[in-house]
Amino acid sequence: IAGPRAASTGRPGVRLVLGPREAASVMTRSYRLIVKLIDFVSLGCHATAMRPPETHSTDDFDSTIDLSGIPVDTSSPVMVTGATGYLGSWVTKGLLDAGVTVHATVRDPQNTSKVAHLNRIAEQAPGTMRLFAGDLLQPDSYDQAMEGCTVVIHTASPFIRAVDDPQRDLVAPALHGTRNVLAGIGRTPSVTRVVLTSSVAAMYGDAADIEGYPGRILTETCWNTTSSLSHEPYPYSKTLAEKEAWRLASKQDRWRLVTINPAMILGPSLNSAPTSESFSTIRMMIDGTARLGAPRVGISVVDVREVAQAHIAAAFLPDAHGRYIASAEDTDIFALTSTLLPRFGRSLPLPRRALPRPVVVAMAPRLGQTRTYIRRNVGYVVRADASRSRLELGTRYRPAQTSMEEMVEQMLTQQG
């Protein structure tokens, strides 16, 4: 900003003149959203502090998981790690509704507020749920929960957002968590199938990476080769964790590993206090924080219910193998938010324009980002090929607009 700028006050004939310093301050505050959004896209869905938990009815949205065509075996239990999480809760519900006995692992089974929604789901389902304590970073932590299980669905993943030492705080926990769970499986002879929640972050680090992939398409053959401890350490940790899982799987022939690599997860939560970053990001898009505009950060998105279905299909379909991308649509942050305009455009302060890429690049140092990072992530198109999950897992993806509308409706209802 080279000189004073006039800003509208919202009243006819009245203009507010901002000097360079004031205008820069306003821009800084307005564009802090860019950092949050871009971080989310590259980091995937992770925990963040929100309101105290409470349960709510699932009558306001489609709460079923479509398991048609999947030969779900109810004769032995299934262990689900991270069962209280955004995705883990839906996986648990799908299994319980199918009549499965679920060994649900949580950090503290005695924390009634954290497990209340799981208990309510179990009470209404034909299946049976048993709660177990589990800590990803503690060896032998899952041995008791695994007893008698033929399937382990590992949705839990350690994450610390603000880190001083990426190796210590991100890479080491991701690797140790994967190793501890798989080591427990090695000690449990009944387990024959392992489904691991990975991410498209293990397939690409920056959106620009996809420009160099065959056909400029993200497929299951792609691996993230650009992230490191100094650049995108979280995707780096996800990449190392999945590679470690495949390395350990290759050293034995009793259990088969299948990974689900979801895009940005959307849709309603079974817990009215969801700890997924998806909700924090979407909240900023609807509460006026992004009213000046949203960046065109290329992403792919998917509904949480379809990701849950993919996990259960991968657990029970005999021929399921390898990696599966779970993605419904390719879009960008601005276009995704625009899907809310038909239903909420008159009632919510939604962004009506895309932020110009040069503005985002210019503001990068002030926002604590490198210009290289911004240039490699803003304005690129992400194209994900989810044909394997459609054909082999039978996943039928609903439109992103439906996921967004149900998600936002739930958020507004919870706000009272």
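I began with helix 8 (residues 304-316), which lies across strand 9 and strand 10 and runs at about 70° to strand 10. I note here that the model is predicted.

I found an open sheet of 3 strands in the order 9-10-12, with mixed pairing. Strand 9 (264-266) and strand 12 (329-332) are the edge strands, each pairing on one side only. From one strand to the next, the twist averages 45°.

I then examined how strand 10 meets strand 12. Strand 10 (residues 298-303) pairs with strand 12 in the antiparallel sense, over 4 bridges. For Ser300, I recorded Asp330 in strand 12 as the bridge partner.

I turned to helix 7 (residues 277-286) and asked how many of its 10 residues are buried. The count is 9, so helix 7 is largely enclosed by the rest of the structure. I listed the buried residues as Glu277, Ser278, Phe279, Ser280, Thr281, Ile282, Met284, Met285 and Ile286. After helix 7 comes Gly288, and I noted that its phi is positive, near 100°.

Finally, I checked the cysteines. My search of the whole structure for disulfides returned 0.

Technical notes
Residues are numbered from 1 along each chain as its sequence is written. This is a predicted model: local features need pLDDT of at least 70, side-chain atom pairs count only at pLDDT 80 or more; totals for chains, interfaces and linings use all residues. Side-chain values use heavy atoms; hydrogens and water are left out. A disulfide is a pair of cysteine sulfur atoms within 2.5 Å. Buried means under 20% relative accessible area, exposed over 50%, partly exposed in between (1.4 Å probe, protein chains only). Helices (H or I, at least four residues) and strands (E, at least two) are DSSP runs, numbered from the N terminus. Two strands pair if DSSP finds at least two bridges between them. Axes are lines fitted to C-alpha atoms, for helices over the stretch in contact, and angles run from 0 to 180 degrees between N-to-C directions. Contact means heavy atoms within 4.5 Å.
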